[in-house]
Amino acid sequence: MSTISPVFSTEPGLLTSVLPAFETSFTPWDISHLFSVFDSSIDPKPVSTHDYGSVNQIGSDMSPTDNTDERKKKRKLSNRESAKRSREKKQKHLEEMSIQLNQLKIQNQELKNQLRYVLYHCQRTKMENDRLLMEHRILHDKLLNIRQVLMFRQT
């Protein structure tokens, strides 16, 4: 008895025991005839390809299914290559975005540092300005007092 699932088994009678509606040996998904080419001892005929155009066989007895299969293989290969290029392009874009992100983070940190520096010096300048204003008031008051004393002495 096979360890393969009964639905995919090729043993006669096994499928009919699982699915009694299929009492004949043919099933809609029966593709065993497609693999019979691997069981044959016949050497394959040489095939030449020209770009992505038509496929020409040395013998002229190439069937339409062979031509269709060859086109499907080429399309599949082309799709794989395209998907690979797409993945590589996406990876490259991701790496570029990662580099740009790091550069922007560094630039952002530098700008924050510059802002801190400017704010610090702005605060120091404001404090110095406040101090000078206070000193100005004090000196102005002293000057007024000295003038009053001088005026009083003159009188």
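The following legends describe an overall view and several close-up views of a predicted model.

**Figure 1. Overall fold of the predicted protein model.** The protein comprises three helices and two strands. Along the sequence, these elements follow the pattern α-α-β-β-α. Of the 155 residues, 5% count as buried. Among contacts in the protein with a separation of 6 or more, 6% are made by residues 24 or more positions apart. The accessible surface amounts to about 14600 Å², and carbon and sulfur atoms contribute 60% of that area. The count of salt bridges in the model is three; the views below present them individually.

**Figure 2. Close-up of the salt bridge between K126 and D130.** Both residues belong to helix α3, which spans residues 64-154. K126 and D130 are four residues apart, about one turn of the helix, and their closest N and O atoms are separated by 3.4 Å. This pair counts as a salt bridge because its N and O atoms fall within 4 Å. K126 has a relative accessibility of 53% and is therefore classed as exposed, the threshold for that class being over 50%. D130, with a relative accessible area of 40%, is partly exposed.

**Figure 3. Close-up of the salt bridge between E128 and R131.** The side chains of E128 and R131 meet with an N to O distance of 2.6 Å. Both residues lie in helix α3, three residues apart, which corresponds to about one turn of the helix. E128 is partly exposed, its relative accessible area being 37%. R131 also falls in the partly exposed class, at 42%.

**Figure 4. Close-up of the salt bridge between E135 and R131.** The closest N and O atoms of E135 and R131 are 3.0 Å apart. Within helix α3, E135 and R131 are separated by four residues, about one turn of the helix. E135 has a relative accessible area of 35% and is partly exposed.

**Figure 5. Close-up of the salt-bridge network formed by E128, R131 and E135.** Salt bridges link these three residues into a network. R131 pairs with E128 at 2.6 Å and with E135 at 3.0 Å.

Conventions
Residues numbered from 1 in each chain as written. Predicted model: local features only at pLDDT ≥ 70, side-chain atom pairs only at ≥ 80, totals over all residues. Heavy atoms only, no water. Buried < 20%, exposed > 50% of the residue type's maximum accessible area, 1.4 Å probe, protein only. Contact = heavy atoms within 4.5 Å. Areas by Shrake-Rupley, 256 points an atom, 1.4 Å probe, with all protein chains shown as cover.
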